[in-house]
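Visitor: I have a model to look at and some time to go through it. Can we take it piece by piece?

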Amino acid sequence: MATKSRTTKPASRAAAKAASLRTGKSSKATAKAVTKTNTRTLAKVPAKPGAAAAPSARNALVSQGRLAPAPRRPKQKVAISHHREEDFKADGLRTYAVYRDLGIAHATHGLARAHVIRMLPPCNPHEVSKLHTHAVDFQMVYVLKGWVKSYLEGVGETLMKEGSCWTQPPKIRHMILDYSNDVELLEVILPADFKTVELST
């Protein structure tokens with residue numbers, strides 16, 4: 001019996017070790033599959049309202065091509081501007097006009113600009129009638145005094161009088177054709193700084 005016991009123990013140990021290795025590999029494979037399934041489930045399950053999304057869910061959103069929210073602009077300030085003749089300055093886009101800045105660009109950290117434009121008389125069509133575009137998101141002009149004749153692509157020539165208002169879509173081709181000696185315009189533009197391109201006629 002002792003001899004039989006000595007000869008069977010090593011064989012039993014080898015069989016047990018082999019079985020253990022097989023079981024270990026199987027367990028690892030099973031654990032890996034479970035982890036992969038859980039990750040997919042987390043990515044699909046929406047987060048509860050008010051709860052932060054799990055890292056796997058955030059990664060899934062990025063992989064789906066969704067953009068992260070744009071960073072917030074600094075808090076806007078109050079802008080107050082009272083009429084003063086000395087505030088009209090020749091520091092704007094047009095050399096044939098003076099501008100009264102209303103402080104909107106500073107108050108909104110560049111989000112928008114608003115100014116009163118006073119065209120200098122007399123109108124010189126050779127200087128002002130140049131076709132151009134502005135790379136803006138929004139542009140609006142309101143006639144405070146006098147009149148201005150302009151050309152807008154797709155609209156043609158239009159006479160804008162006191163109380164008239166119009167918008168100029170981004171990169172629309174336009175130009176000033178003529179204006180009265182007393183014309184004043186209110187212009188609102190987004191963003192505050194933008195690119196202007198002059199075109200050949």
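Visitor: Is K171 buried or exposed?
Guide: K171 is exposed, because its relative accessible area is 58%. Buried means under 20% relative accessible area, exposed means over 50%, and partly exposed is in between, with a 1.4 Å probe and protein chains only.

Visitor: Where is K171 found?
Guide: K171 is in the loop between strand 8 (165-167) and strand 9. Helices (H or I, at least four residues) and strands (E, at least two) are DSSP runs, numbered from the N terminus. Phi of K171 is near 60°, a positive value in a residue other than glycine.

Visitor: And what is phi of H109 near?
Guide: Near 55°, again a positive value in a residue that is not glycine. H109 sits in the loop between helix 3 (104-107) and strand 3. H109 counts as partly exposed because its relative accessible area is 32%.

Visitor: Before I go on, what kind of model is this?
Guide: This is a predicted model, in which local features need pLDDT of at least 70, side-chain atom pairs count only at pLDDT 80 or more, and totals for chains, interfaces and linings use all residues. Residues are numbered from 1 along each chain as its sequence is written, and side-chain values use heavy atoms, with hydrogens and water left out.

Visitor: OK, the whole chain then. How many helices and strands are in it?
Guide: The protein chain has four helices and eleven strands. Of its 201 residues, 27% are buried. The chain exposes about 14200 Å², and carbon and sulfur atoms supply 58% of that. Accessible areas come from the Shrake-Rupley method with a 1.4 Å probe; for residues, only the protein chains shown count as cover.

Visitor: What share of the contacts join residues at least 24 apart?
Guide: Among contacts between residues at least 6 apart in sequence, 66% do. Contact means heavy atoms within 4.5 Å.

Visitor: Which peptide bond is cis at P191?
Guide: The bond from L190 to P191 is cis, with omega near -5°. P191 is in the loop between strand 10 and strand 11. Its relative accessibility is 23%, so P191 counts as partly exposed.

Visitor: What is P191 in contact with?
Guide: Leaving aside neighbours within four places in sequence, P191 is in contact with G110, L111, A112, V136 and D137. P191 and F138 are 53 residues apart in sequence, and their C-alpha atoms are 7.6 Å apart in space.

Visitor: Which residues does the cis bond with omega of about -10° join?
Guide: That bond joins P121 and P122. P121 is in the loop between strand 3 and helix 4, and P122 has its place in the loop between strand 3 and helix 4 too. P121 is partly exposed, because its relative accessible area is 48%. From P121 to V183 is 62 residues in sequence and 9.0 Å in space, C-alpha to C-alpha.

Visitor: How many cavities of 30 Å³ or more does the structure hold?
Guide: One. The largest cavity has a volume of about 130 Å³. It is lined by 15 residues, and R94, W166, Q168, H174 and I176 lie nearest its centre. Strand 9 gives the largest share of the lining, three residues.

Conventions: 1 Å grid on protein atoms, 1.4 Å probe; cavity = no way out; pocket = protein on both sides within 12 Å on 5 of 7 lines; lining within 4 Å. Points joined across faces, edges and corners; volume = space filled by probe spheres on them.
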